[in-house]
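Please read them alongside the coordinates.

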Amino acid sequence: MSFRTHIPEDIRRATKVIGLAAWVDDPDAWTKATAVIGARLDAHKRRALAFAVLCTLDDDDLEEVLGHVFRPPDCGVAA
């Protein structure tokens, strides 16, 4: 008996799309993966996944990622 039969469908779909996005490795694939991950994993699992991935980054990569995530919205107002 395969352990796969014991993994819930939502988790199987999320891991499949993560693997496919990593294989294709282009921005469009990763953008589309976010929709599936958001739909299939609850907030707790998404937080845990984000934490685990962020912990693998060195300081420069972490700063770059967080800079993109937390940049202020472009309101079209000149500084």
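This is a predicted model: local features need pLDDT of at least 70, side-chain atom pairs count only at pLDDT 80 or more; totals for chains, interfaces and linings use all residues.

1. Arg12 is partly exposed, at a relative accessible area of 21%. Here buried means under 20% relative accessible area, exposed means over 50%, and partly exposed is in between (1.4 Å probe, protein chains only). The side chain of Arg12 forms a salt bridge with that of Glu9, at 2.4 Å from N to O. The term salt bridge stands for a side-chain nitrogen of Lys or Arg within 4 Å of a carboxyl oxygen of Asp or Glu. Glu9 is itself partly exposed, at 37% relative accessibility. Because Glu9 and Arg12 are 3 residues apart in helix H1, about one helical turn separates them.

2. Residues are numbered from 1 along each chain as its sequence is written, and side-chain values use heavy atoms, with hydrogens and water left out.

3. Which other residue does Glu9 meet in a salt bridge? The partner is Arg13, with an N to O distance of 2.8 Å. Glu9 and Arg13 are 4 residues apart in helix H1, which again means a separation of about one helical turn. Arg13 counts as partly exposed, with 40% relative accessibility. Side chains of opposite charge can pair when their charged atoms come close.

4. In helix H2, Asp28 and Lys32 lie 4 residues apart, about one turn of the helix. Salt bridges with shared partners join Glu9, Arg12 and Arg13 into one network. The side chains of Asp28 and Lys32 also meet in a salt bridge, at 3.2 Å from N to O. Asp28 is partly exposed, with a relative accessible area of 43%, whereas Lys32 counts as exposed at 53%. In the whole structure, the search finds 4 salt bridges.

5. On the fold: the chain has 4 helices and 0 strands, giving the pattern α-α-α-α along the sequence. Helices (H or I, at least four residues) and strands (E, at least two) are DSSP runs, numbered from the N terminus. The chain has 79 residues, of which 9% count as buried. Its accessible surface comes to about 6,700 Å², and 63% of that belongs to carbon and sulfur atoms. These areas come from the Shrake-Rupley method with a 1.4 Å probe; for residues, only the protein chains shown count as cover.

6. Asp25 deserves a check of its backbone. Its phi is positive, about 50 degrees, although Asp25 is not a glycine. Most residues other than glycine have a negative phi. Asp25 lies in the loop between helix H1 (9–24) and helix H2 (27–40), and counts as exposed, with 55% relative accessibility.

7. Val36 is found in helix H2 and counts as partly exposed, at 28% relative accessibility. Its C-alpha atom is 9.3 Å from that of Asp10, a residue 26 positions away along the chain.

8. The largest pocket has a volume of about 520 Å³. On a 1 Å grid over the protein atoms alone, a pocket is an open set of points with protein on both sides within 12 Å along at least five of seven lines, and lining residues have an atom within 4 Å of a point. Grid points are joined across faces, edges and corners, and the volume is the space filled by probe spheres set on the points.

9. What lines the largest pocket? There are 15 lining residues, and Thr34, Ile37, Leu49, Ala50 and Val53 lie nearest the centre. H2, helix H3 (43–54) and H4 each supply at least two lining residues, with H3 giving the most, 5 residues. The lining divides into 11 nonpolar, 3 polar and 1 charged. In that count Ala, Val, Leu, Ile, Met, Phe, Trp, Tyr, Cys and Pro are nonpolar, Asp, Glu, Lys and Arg are charged, and the others, Gly among them, are polar.

10. Val65, Leu66, Val69 and Phe70 make a nonpolar surface patch of about 370 Å². Patches are made of residues with over 30% relative accessible area and no salt bridge; like charges are joined within 9 Å, and nonpolar side chains (Val, Leu, Ile, Met, Phe, Trp, Tyr) within 5 Å. Val69 belongs to helix H4 (residues 59–69) and is exposed, with a relative accessible area of 55%.

Note on methods
On a 1 Å grid over the protein atoms alone, a cavity is a set of points where a 1.4 Å probe fits but cannot get out, and a pocket is an open set with protein on both sides within 12 Å along at least five of seven lines; lining residues have an atom within 4 Å of a point.
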